[in-house]
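Please keep the sequence and the 3D view at hand while reading.

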Amino acid sequence: MSKLAVITGGESGIGLASAQLLMAQQYQVVVLGLHENEELSRKNIGFYRCDVSSATEVQQAFHKIVAEYGNIDCLINNAGILSYGTAVDLDESEWDRVMAVNVKGPFLCAKYCIPQMNDNAVIINVASVQSFVAQPFVAAYATSKAAILGLTRSIAIDFAPKVRCVAVCPGTIDTPMLRDAMQQAAEPEAMMEELNASHLTGRIGQPEEVAELIAFLCSNKCGFINGQAIRVDGGLGVNIGGSKN
Ligand SMILES: NC(=O)c1ccc[n+]([C@@H]2O[C@H](COP(=O)([O-])OP(=O)(O)OC[C@H]3O[C@@H](n4cnc5c(N)ncnc54)[C@H](O)[C@@H]3O)[C@@H](O)[C@H]2O)c1
């Protein structure tokens, strides 16, 4: 029987690429998100509208998934939002909104999913390279992505060996989230050049490159990886400067 994977925020970007790759690998895939789109229905990817920051909606969504598809093998907590501001100028409400989606969302999904998971299940939390290093003006986002590593370790400890939990930490990836961020930049082209140059690869990543890691972590090939944060970031932040000769 094929394995069942639930992906939050799988309507676009990294989540959609992961949904497509897992479908190609014969998983059944269900997306929990805000907007259904044609791409999902065309590819036979299930969809439930669900705001991951709402306990009621998350509980109801998992109830419906189990009733329709049965128990779950993989949960990919991918839904996330980016917001700009320093610790001084960020509104309290904006801080709460980022924490609600990026931190409470994965907690709620784990809470209502784990009791419905098969043995040898896996939860993948999509964190960020900003779990370790940060840019200016992303106080809430960087905090949320650091916090998710704590949740990853707690789930790994509390539910081993039935459930593994691993964080995937992407560098800059070409998704709608990045494109929205670029629209807010004074000079988008200069920003893209800087982003490309900041990765040792000389380019930013593609959603499919993150999806490959997510699919690998979902597979039985890596049953010995648990509680870790794994970077897929083109070497972003590795170079601390200095001359090559
Ligand atoms: N793009 C990057 O450079 C990058 C880098 C590191 C980490 N990430 C992380 O990767 C994940 C996916 O982001 P992406 O880059 O693919 O962007 P994206 O904007 O394409 O995807 C985010 C998805 O989350 C969904 N979403 C937002 N709020 C939600 C909510 N309350 N409930 C349910 N779904 C919600 C959106 O509808 C969207 O489909 C995010 O957690 C993001 O923080 C992205």
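At what angle do helix α1 (residues 13-24) and helix α8 (residues 207-218) pack, and how far apart are their axes? They pack at an angle of about 55 degrees, with their axes 8 Å apart. This is a predicted model, in which local features need pLDDT of at least 70 and side-chain atom pairs count only at pLDDT 80 or more, while totals for chains, interfaces and linings use all residues. Residues are numbered from 1 along each chain as its sequence is written, and side-chain values use heavy atoms, with hydrogens and water left out.

**The packing of α1 and α8**

- The two helices, α1 and α8, are therefore oblique to each other, a word for angles that are not under 35 degrees (roughly parallel), over 145 (roughly antiparallel) or 65 to 115 (roughly perpendicular).
- The crossing in which α1 passes α8 is right-handed, meaning that the near helix is turned clockwise from the far one by less than a right angle.
- On the α1 side, the residues in contact (heavy atoms within 4.5 Å) are Gly13, Ile14, Ala17, Ser18, Leu21 and Leu22, and they meet residues of α8 that include Pro207, Val210, Ile214 and Cys218.
- Sorted by class, this contact of α1 with α8 has ten nonpolar, two polar and two charged residues.

**Salt bridges**

- Side chains of opposite charge can pair when their charged atoms come close.
- The structure holds eight salt bridges, each being a side-chain nitrogen of Lys or Arg within 4 Å of a carboxyl oxygen of Asp or Glu.
- One of them joins Arg97 and Glu94, with the closest N and O atoms 3.0 Å apart; these residues are three apart in helix α4 (residues 92-113), so about one helical turn separates them.
- Another joins the side chains of Asp119 and Lys162 at 3.6 Å, N to O, and because Asp119 lies in strand β5 (residues 117-126) and Lys162 in the loop between α5 (139-159) and β6 (163-170), this pair ties together parts that are 43 residues apart in sequence.
- Asp119 is exposed, with a relative accessible area of 56%, whereas Lys162 is partly exposed at 33%; the cut-offs are under 20% for buried, over 50% for exposed and in between for partly exposed (1.4 Å probe, protein chains only).
- Salt bridges that share partners join Glu39, Arg42 and Lys43 into one network, in which the side chains of Glu39 and Lys43 meet at 3.0 Å, N to O.
- Within that pair, Glu39 is partly exposed at 23%, and Lys43 is partly exposed at 35%.

Note on methods: Axes are lines fitted to C-alpha atoms, for helices over the stretch in contact, and angles run from 0 to 180 degrees between N-to-C directions. Helices (H or I, at least four residues) and strands (E, at least two) are DSSP runs, numbered from the N terminus. Ala, Val, Leu, Ile, Met, Phe, Trp, Tyr, Cys and Pro count as nonpolar, Asp, Glu, Lys and Arg as charged, and the others, Gly among them, as polar.
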